[in-house]
Amino acid sequence: MGIALVTGGSRGIGRATALQLAQEGYTVAVNFHHNIRAATEVVNTIVAAGGKAFTLRADISDETQVVAMFDAIDRENEPLVALVNNAGILFEQSTIEHLSAERINRVLSTNVTGYFLCCREAVKRMSHKHGGHGGAIVNVSSAASRLGAPGGIY
């Protein structure tokens, strides 16, 4: 079937997505940044159920790490056929006057730039234009991106 990469695949929505993709027959690449224990638990759950999965540590806000993550997928015996951009960061809610440029840039580099970097690398592998066989990209977001969050800015 092929490899499905789930960024932020070790917890929450990413974990649930990874487990569902494994049930559907994909080999799941579980990306994580910090929590190797949670990522390993997801992989162990998939393998125990008869599926295939592996972990990939990478900070998606870092272009070098994103490229290395996709290079690692290239070394697998199956093609990349799906990307679920799920990784994201939040901070404790804050009013605008307490935001720093560092905080804003950190959120944007993960939640926006990181998604584009992962899409770019996935397209290089899945697109017919680049010799791929097609695939799917799903970008996960929050309702807060449309509705805002009362009492705070992320």
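The model is predicted: local features need pLDDT of at least 70, side-chain atom pairs count only at pLDDT 80 or more, and totals for chains, interfaces and linings use all residues. Residues are numbered from 1 along each chain as its sequence is written, and side-chain values use heavy atoms, with hydrogens and water left out.

## Exercise 1

Find how many helices and strands the protein chain has, and what pattern they follow.

Solution. 
- Step 1. Count the elements: there are five helices and five strands. Helices (H or I, at least four residues) and strands (E, at least two) are DSSP runs, numbered from the N terminus.
- Step 2. Read along the sequence: the pattern is β-α-β-α-β-α-β-α-β-α.

## Exercise 2

Work out the order of the strands in the sheet, and state which strands stand at the edges.

Solution. 
- Step 1. The five strands form an open sheet in the order 3-2-1-4-5, with parallel pairing. Two strands pair if DSSP finds at least two bridges between them.
- Step 2. Strand 3 (52–57) and strand 5 (136–139) stand at the edges; each has a single partner strand, so one side of each lacks a neighbour in the sheet.
- Step 3. From one strand to the next, the twist averages 15 degrees. Axes here are lines fitted to C-alpha atoms, for helices over the stretch in contact, and angles run from 0 to 180 degrees between N-to-C directions.

## Exercise 3

Describe the pairing and the cover of strand 1 (residues 3–6).

Solution. 
- Step 1. Strand 1 pairs with strand 2 (residues 27–32) in the parallel sense over four bridges. Valine 6 has valine 30 of strand 2 as its bridge partner.
- Step 2. The chain passes from strand 1 through helix 1 (residues 12–23) to strand 2, and this β-α-β crossover is right-handed: with the strands pointing away from the viewer, the path from the first strand over the helix to the second runs clockwise.
- Step 3. Strand 4 (residues 80–85) runs parallel to strand 1 and is joined to it by four bridges. Alanine 4 has alanine 82 of strand 4 as its bridge partner.
- Step 4. Ile3 and Leu5 on one side of strand 1, and Ala4 and Val6 on the other, are all buried. Buried means under 20% relative accessible area, exposed over 50%, and partly exposed in between (1.4 Å probe, protein chains only).

## Exercise 4

Decide how strand 2 is covered, and give its links to strand 3.

Solution. 
- Step 1. Six of the six residues of strand 2 are buried. Thr27, Ala29 and Asn31 point one way, and Val28, Val30 and Phe32 the other way.
- Step 2. Strand 2 and strand 3 pair in the parallel sense over six bridges. Alanine 29 stands opposite phenylalanine 54, and asparagine 31 has leucine 56 as its bridge partner.
- Step 3. Together with helix 2 (residues 36–48), strand 2 and strand 3 make a right-handed β-α-β unit.

## Exercise 5

Is isoleucine 13 buried or exposed?

Solution. 
- Step 1. Locate the residue: isoleucine 13 lies in helix 1.
- Step 2. Isoleucine 13 has a relative accessible area of 56%, so this residue is exposed.
- Step 3. Isoleucine 13 and alanine 87 are 74 residues apart in sequence and 9.4 Å apart in space, C-alpha to C-alpha.
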